[in-house]
Amino acid sequence: MATGNKSSIKSSAMLVLTALIWGVAFVAQSEGMNYVGGFTFNASRFLIGGTVLIPCIFLLRRLNREQWESISRKEKEQQTRMGILGGVCCGSFLCIASSLQQFGIAHTTVGKAGFITALYIIIVPVLGLFMRKRVGLNVWISVALAAAGMYMLCITEGFSVGKGDFLVFLCSLGFSLHILVIDYFSPQADGVVISCVQFFTAGIVSGVLALVLEEPSWKGVTAAWMPVLYAGVMSCGVAYTLQVVAQKNIAPTVASLLMSLESVFSVLAGWVLLGQRLSAKEMAGCGLVFAGIILAQLPMEALTKRKKE
């Protein structure tokens with residue numbers, strides 16, 4: 001087997017593991033709300049996540065030593081400044097989106113939350129229209145599929161939308177804006193530095209909101225130690241590092257497809273760990289949403305070009 005194929009298979013496995021970690025994180029977030037408030041939980045996990053990423057910055061720079069040492073001191077300082085600025089901006093959006101998600105999960109199932117959150121994959125290219133970026137026919141078909149799926153997943157017999165589902169949908173809009181902000185800053189700075197700073201920013205802002213709006217206690221945080229540690233160490237630290245390392249050896253489209261499995265894993269995790277089951281109608285809705293997610297990521301221009309050739 002060629003070295004390139006081995007590298008690609010290894011990277012694919014790492015991204016599937018990343019999706020699994022993120023999918024199970026929905027269970028951790030749901031369980032954490034049994035012990036502490038949403039802002040307290042987010043403050044704890046993001047501060048832990050930022051701390052975990054500090055050694056990752058030095059580790060990844062060591063792995064890419066030649067590239068880092070090849071740039072001038074001025075460029076290094078510029079990258080550091082943009083990393084901090086980008087991290088603060090990204091962290092602000094991350095705080096908003098994750099807070100909506102955290103409070104939404106408390107009022108809906110883990111599986112539904114996973115699929116609704118994953119809508120950001122479709123929303124991002126649509127929002128790109130405001131930045132004069134073209135959107136292919138596949139994206140518009142994806143929007144139609146996702147809309148039909150959301151109807152089956154969220155609309156009750158009384159034609160009402162649950163509070164939790166609505167909050168998680170707002171969270172997917174927040175994550176869409178978060179991704180666009182990352183897209184702006186990432187070419188100008190180290191991605192891990194941006195992520196580390198964003199976690200500390202989101203953690204500090206969430207901590208302030210917790211002090212103002214909740215009654216955080218050390219007893220509550222220690223009682224929630226397992227969900228907090230999982231969400232902080234595994235979801236923020238380990239999964240993000242796996243993503244950064246793996247994406248260097250795999251096409252972006254394939255990477256997105258593999259990471260979208262997060263929504264599937266969230267349903268399985270909710271079923272296995274919490275005993276949450278979706279109805280046949282809700283499962284059909286999940287299927288339509290997932291089909292839309294997959295279709296939105298297919299490189300239609302490349303496929304059309306190949307046919308012409």
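**Entry 1: aromatic pairs**

I began with the rings and found four aromatic pairs in the structure. For Phe, Tyr and Trp (its six-membered ring), rings pair if their centres lie within 6.5 Å; planes under 30 degrees apart count as stacked, over 60 as edge-to-face and the rest as tilted. Before going on, I noted that this is a predicted model, in which local features need pLDDT of at least 70 and side-chain atom pairs count only at pLDDT 80 or more, while totals for chains, interfaces and linings use all residues. I also noted that residues are numbered from 1 along each chain as its sequence is written, and that side-chain values use heavy atoms, with hydrogens and water left out.

I looked up Phe39 and Phe103, one of the pairs. Their ring centres are 5.1 Å apart and their planes stand at 65 degrees, so this pair is edge-to-face. Phe39 belongs to helix H2 (residues 38-63) and Phe103 to helix H4, so the pair ties together parts 64 residues apart in sequence. Helices here are DSSP runs (H or I, at least four residues), as strands are (E, at least two), numbered from the N terminus.

Next I checked burial, where buried means under 20% relative accessible area, exposed over 50%, and partly exposed in between (1.4 Å probe, protein chains only). Phe39 counts as buried at 13% relative accessibility, whereas Phe103 is partly exposed with a relative accessible area of 27%.

Then I turned to Phe46 and Phe199, whose ring centres are 5.9 Å apart with planes at 15 degrees, so the pair is stacked. It links distant parts of the chain, with Phe46 in helix H2 and Phe199 in helix H9 (residues 191-213), 153 residues apart. I found both Phe46 and Phe199 buried.

**Entry 2**

Two packed helices are described by the angle between their axes and the distance between the axes. The axes are lines fitted to C-alpha atoms, for helices over the stretch in contact, and angles run from 0 to 180 degrees between N-to-C directions.

Helix H6 (residues 120-127) packs on helix H8 (residues 163-185) at about 55 degrees, with the axes 9 Å apart. H6 and H8 are therefore oblique to each other; angles under 35 degrees count as roughly parallel, over 145 as roughly antiparallel, 65 to 115 as roughly perpendicular and the rest as oblique. On the H6 side I listed Tyr120, Ile123, Val124 and Leu127, which meet residues of H8 including Phe169, Ser172 and Ser176. Contact means heavy atoms within 4.5 Å.

Ala, Val, Leu, Ile, Met, Phe, Trp, Tyr, Cys and Pro count as nonpolar, Asp, Glu, Lys and Arg as charged, and the others, Gly among them, as polar.

I took a second look at Ser176 in helix H8. Ser176 counts as buried at 0% relative accessibility. Leaving out residues up to four places away in sequence, Ser176 touches Tyr120, Ile123, Val124 and Leu127.

Helix H4 (residues 73-105) packs with H8 at about 170 degrees, the axes being 7 Å apart. H4 and H8 are therefore roughly antiparallel to each other. Their contact has 19 nonpolar, seven polar and no charged residues.

Last, I checked H6 with helix H7 (residues 137-154): the angle is about 135 degrees and the axes are 10 Å apart. H6 and H7 are therefore oblique to each other. Ile122, Pro125 and Val126 in H6 meet Val139, Ser142, Val143 and Ala146 in H7. I sorted the residues of this contact into six nonpolar, one polar and no charged.
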